[in-house]
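Subject: Handover of a structure

Dear colleague,

I am passing the structure below to you for your further attention. Please look through it before reading the notes that come after it.

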Amino acid sequence: MASSEENEMYSKQWEGCMEIAVQTARTAGQVIREAFKHEKEVSTKSSPVDLVTETDRLVEDLIISSLREKYPSHRFIGEESSAAGEKCLLTDNPTWIIDPIDGTCNFIHSFPMVAVSIGFAVNKELEFGVIYHCLDENLYTARKGHGAFCNGIQLQVSKETDMSKALILTEIGAKRDPATLKIFSGNMERLLKAQVHGIRVIGSATLALCQVASGAADAYYQFGLHCWDIAAAAVIIREAGGNVIDTSGGPLDLMSRRIVAAGTVEMAHYIAREIQTITYERDDHNAN
Amino acid sequence: MADSWQECMELGISIARNAGKVICKALQNEQSVMLKTSPADLVTETDQKVEKMIISAIKEKFPTHSFIGEESVAAGAQCVLTDNPTWIIDPVDGTTNFVHRFPFVAVSIAFAVNKVTEFGIVYSCKEDKMYTARKGKGAFLNGVKLNVSGQTDITKSLVITEVGPERDPKILKTFFTNLEKLLNIPIHGFRAVGTAATDVCFVAAGEADAYYHIGLHCWDIAAAGIIVTEAGGVLMDTDGGPFDMMCRRIIAASSRAVGEAVAKHIRAFPCARDDEQIGVHANGN
């Protein structure tokens with residue numbers, strides 16, 4: 001059993017990594033800010049609405065290469081590497097989990113909600129998260145056991161337990177077939193009928209999750225997001241006092257492509273009970 | 001004539017900025033929330049205080065002008081647009097966001113003479129974004145000229161809408177049928193940020209390609225409407241017909257083609273016109 005001294009040393013290692021993550025996120029954010037003003041060349045991935053640009057790939061390469069230089073033995077899970085065929089396998093090894101541009105559709109349209117997300121796990125446990133809103137230049141950070149912050153100001157989730165006073169965020173995901181859309185609408189409709197204050201859709205899962213962490217929204221739920229959308233935000237929300245669970249009501253499963261996050265456990269479970277599942281292939285589906 | 005509207009506009013901008021400061025300060029505090037037409041139709045003391053502040057500041061300089069303000073109308077004032085110079089005011093667009101401290105809250109001030117909008121001001125206060133447009137002189141965000149995206153292809157469009165405070169099951173059904181029809185086209189995606197004025201300004205800024213909404217009010221879109229048209233966009237009714245500020249329906253789009261494509265896929269539910277409430281609060285007039 002590790003002593004508290006050993007735990008502290010162990011945890012301090014990751015502090016250094018987090019500082020590098022912050023610098024890297026800011027640098028990447030600047031590249032994205034510059035590219036924002038220009039014409040973007042767009043391609044599609046899994047569907048006509050699953051979009052990607054050269055900037056996504058460039059920024060991911062930039063992040064991974066600068067982290068690899070400092071930490072050559074670490075492993076990397078990145079959105080674009082994964083799209084290029086790399087396995088999405090989380091081992092015990094220190095692993096960086098990266099979304100170079102969360103909100104690519106927003107980026108393409110210059111809709112001003114775009115973030116860099118860098119998560120970090122060791123022994124399959126999420127240790128810290130960094131999310132950088134590239135346009136507002138808001139930096140959200142959290143390290144396990146050390147609180148969550150936005151630009152240095154401590155974050156605290158909402159304590160709301162009453163659904164009829166909730167502001168809820170969600171996103172639609174890449175699947176747009178009629179059956180999926182029916183479930184997606186049905187979920188929103190059910191929550192509205194429960195008299196929630198409102199539902200918002202901003203186009204970036206990580207920034208939406210940060211709104212939950214800051215207490216400006218009471219909950220977030222989504223089907224279809226990826227481990228690189230969840231990894232950093234999960235730490236930030238937990239460290240701000242909130243809850244992240246699976247949509248089934250069980251514990252969060254990083255590779256499951258789904259999440260419910262809320263300020264209170266009551267709110268999280270209420271939403272999990274109300275929503276019907278939209279199934280997406282697991283991120284680690286090819287990682288045996 | 002044009003000179004005196006410029007003076008009005010400058011006053012409007014300065015008042016919007018001051019109102020924004022009051023709202024941002026209030027954003028730091030807990031809000032006492034009241035309900036209007038439904039459990040999701042919220043109003044606070046800040047809404048009422050800011051509207052009074054705006055109207056009295058304008059009345060001091062322009063005592064003969066008329067006013068249409070969200071909270072005044074809620075308190076029984078008439079919502080009639082005459083030829084008289086008229087200020088159309090939403091003191092806090094995005095009250096639900098305001099209550100939750102969700103960072104999209106705007107002051108909206110429009111000015112019409114002979115029923116024609118002369119200028120519009122939308123101040124998204126948390127973001128410190130001042131959107132303005134003067135008829136014939138273009139639209140601006142913090143002094144930088146705005147242009148709509150110019151997108152003509154609905155399948156490459158980002159569309160914004162809002163649910164609003166309606167919770168009637170039939171109305172929700174219409175809302176979701178509309179949304180599913182658009183997503184099925186397909187479109188790139190949809191957004192809902194919680195303030196109509198800011199939503200339309202996203203279209204004006206070229207950051208989204210269309211906004212549609214059924215059930216909103218004249219004070220939500222009077223200012224943003226001229227901002228989007230001065231940025232090169234179009235306004236229309238949800239059936240593709242001409243836009244009518246009092247009819248509670250709008251499409252604001254980057255092009256006629258995108259606007260008409262949206263209109264083709266959505267159906268409106270019935271809404272009482274804003275200027276149809278005349279009899280409701282009448283004192284025998």
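Predicted model: local features only at pLDDT ≥ 70, side-chain atom pairs only at ≥ 80, totals over all residues.

The interface between the chains

On the interface, 39 residues of chain A are in contact with 38 residues of chain B. Between them, the two chains bury about 3300 Å², and carbon and sulfur atoms account for 63% of that area. There are 2 salt bridges across the interface of chain A and chain B. In one salt bridge, the side chain of A:Lys182 meets that of B:Glu180, with an N to O distance of 2.8 Å.

On the side of chain A that touches chain B, two or more residues come from each of α4 (104-109), β10 (167-170), α5 (178-193) and β11 (198-200) of chain A. The element that gives the most to this side is α5(A), with 9 residues. Sorted by class, the side of chain A that touches chain B comprises 21 nonpolar, 10 polar and 8 charged residues.

The cavities

The volume of the largest cavity is about 90 Å³. Its lining consists of 13 residues, and those nearest its centre are B:Glu162, B:Val163, B:Phe175, B:Ile214 and B:Phe269. In chain B, α5 (169-183) and β12 (210-214) each supply at least two residues of this lining, and α5(B) gives the most, with 5 residues. By class, the lining of the largest cavity has 7 nonpolar, 4 polar and 2 charged residues.

The second largest cavity has a volume of about 50 Å³. Among the residues that line the second largest cavity are A:Thr170, A:Glu171, A:Phe184, A:Tyr221 and A:Phe223. Here α5 and β12 (219-223) of chain A each supply at least two residues of the lining, with the largest share, 3 residues, coming from β12(A). The lining of the second largest cavity divides by class into 5 nonpolar, 3 polar and 1 charged residues.

The largest pocket

The largest pocket contains about 1400 Å³ of space. It is lined by 44 residues, of which A:Ser214, A:Ala216, B:His100, B:Arg101 and B:Phe102 lie nearest its centre. The elements that give two or more residues to the lining of this pocket are β7 (138-143), β9 (153-154) and α6 (205-213) of chain A, along with β1 (33-35) and α4 (95-100) of chain B. By class, 20 residues of the lining of the largest pocket are nonpolar, 14 polar and 10 charged.

Backbone features

Most residues other than glycine have a negative phi, and most peptide bonds are trans. Against that background, two places deserve a mention. A:Asn123, although not a glycine, has a positive phi of about 50°. A:Asn123 is found in the loop between β5 (115-122) and β6 (125-133) of chain A. In chain B, the peptide bond that joins B:Ile185 and B:Pro186 is cis, with omega at about 10°. B:Pro186 belongs to the loop between α5 and β11 (189-191) of chain B.

With kind regards

How values were computed: Residues numbered from 1 in each chain as written. Chains lettered and ligands numbered in written order. Heavy atoms only, no water. Contact = heavy atoms within 4.5 Å. Buried area = accessible area lost by both parts, 1.4 Å probe. Salt bridge = Lys/Arg side-chain N within 4 Å of Asp/Glu carboxyl O. Helix = DSSP H or I, 4+ residues; strand = E, 2+ residues; numbered from the N terminus. Nonpolar A, V, L, I, M, F, W, Y, C, P; charged D, E, K, R; others polar. 1 Å grid on protein atoms, 1.4 Å probe; cavity = no way out; pocket = protein on both sides within 12 Å on 5 of 7 lines; lining within 4 Å. Points joined across faces, edges and corners; volume = space filled by probe spheres on them.
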